[in-house]
Amino acid sequence: MHHNAHFKTLLSTLPTSFQTSFFNQLNHLINYSPTIGLMGKTGAGKSSLLNALFQSQLSPVSDVSGCTRQAQRFSMTVNNHTLTFIDLPGVGESLERDKEYHQLYRNLLPELNLIIWVLKADDRAWSSDEQCYRFLTEQCGYQPKRFLFVLNQADKIEPCRQWDEQYHQPSAEQTAHLLLKQKAVITAFKPHHPVMTVSATEGFQLTELAEQLIQALPAQASSGVARQLNTSYRTQSVENTARNDFGQCVSDIVDTLINIIPLPPLIRSTVSTVKNSIVSVAKSLWRMFF
């Protein structure tokens, strides 16, 4: 592997066991395959949203069963790297009484880096979404920071004839209505992350969504997701966030190895300097890896 040369020199003073472990974990990190959950009613435009954001189309993998409740698995692949989406069932069902749902979520939640919750901007009420969200946060213990709420189909908001077809943006009146909807989502769900308002079909505010998505993802997953984004949404902000996350993960790898692998006192005293160099090399190579 060509990139190893850059690190080899830096790591030359460290024990071979340290070097071997470092490269194993670095490769593991570069090849990390993220998994994102999807929630929302049928018709909220989940798949059109993903097809607009990412460079390759979704292809169904298979039904994940283990019980009669189905969670549909989709994936997309770029240069042998895979990103998986799991469309979670349950909005509009009576979850509390259903043991199979409990089991399904208990099995799937640990696997997910983030859940994107898609709501229709023109829906009157989201009471079934709210019930489902309470179930996941209160009964299943999934943390609010693991959810990103997206108001999709912004072009359908009243008065929908006012949507500007030429510039793909809402009128002043529609913008005011969208702002009210956004406030309603904040009141109903009290989300951890900002609520994104978009239109997949119109390409409205997808750049903002991409940037927010990369920020909301845990550090080990952001680069793998950034790699799959449509080129037009791989903005400077997306790259900076993912690159810094990657640097943080590499730094954590080094810290862990320092704790596990016994180092001679002389090396131990210089290892923090070496660590900083390793992290900056890793960050400078980010584009090559992702």
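Cys132 has a relative accessibility of 1% in this predicted model, and because buried means under 20% relative accessible area, Cys132 counts as buried. Cys140, by contrast, is partly exposed, since its relative accessible area is 24%.

Are these two cysteines joined or apart? The sulfur of Cys140 has its closest cysteine sulfur in Cys132, at 8.7 Å, and this is too far for a bond, because a disulfide is counted when two cysteine sulfur atoms lie within 2.5 Å. Cys132 accordingly takes part in no disulfide, the nearest cysteine sulfur being that of Cys140, and the count of disulfides by this rule comes to zero.

The second topic is a pair of helices. In general, two packed helices are described by the angle between their axes together with the distance between those axes. Helix 8, which covers residues 219-226, packs with helix 9, which covers residues 236-260, at an angle of about 140°, and their axes are 8 Å apart. Helix 8 and helix 9 are therefore oblique to each other, and their crossing is left-handed.

Which residues bring helix 8 and helix 9 into contact? From helix 8 come Ala219, Gln220, Ser222, Ser223 and Ala226, and these meet Val238, Ala242, Asp245, Phe246 and Cys249 in helix 9.

Key: Residues are numbered from 1 along each chain as its sequence is written. This is a predicted model: local features need pLDDT of at least 70, side-chain atom pairs count only at pLDDT 80 or more; totals for chains, interfaces and linings use all residues. Side-chain values use heavy atoms; hydrogens and water are left out. Axes are lines fitted to C-alpha atoms, for helices over the stretch in contact, and angles run from 0 to 180 degrees between N-to-C directions. Helices (H or I, at least four residues) and strands (E, at least two) are DSSP runs, numbered from the N terminus. Angles under 35 degrees count as roughly parallel, over 145 as roughly antiparallel, 65 to 115 as roughly perpendicular and the rest as oblique. A crossing is left-handed if the near helix is turned anticlockwise from the far one by less than a right angle, and right-handed if clockwise. Contact means heavy atoms within 4.5 Å. Buried means under 20% relative accessible area, exposed over 50%, partly exposed in between (1.4 Å probe, protein chains only).
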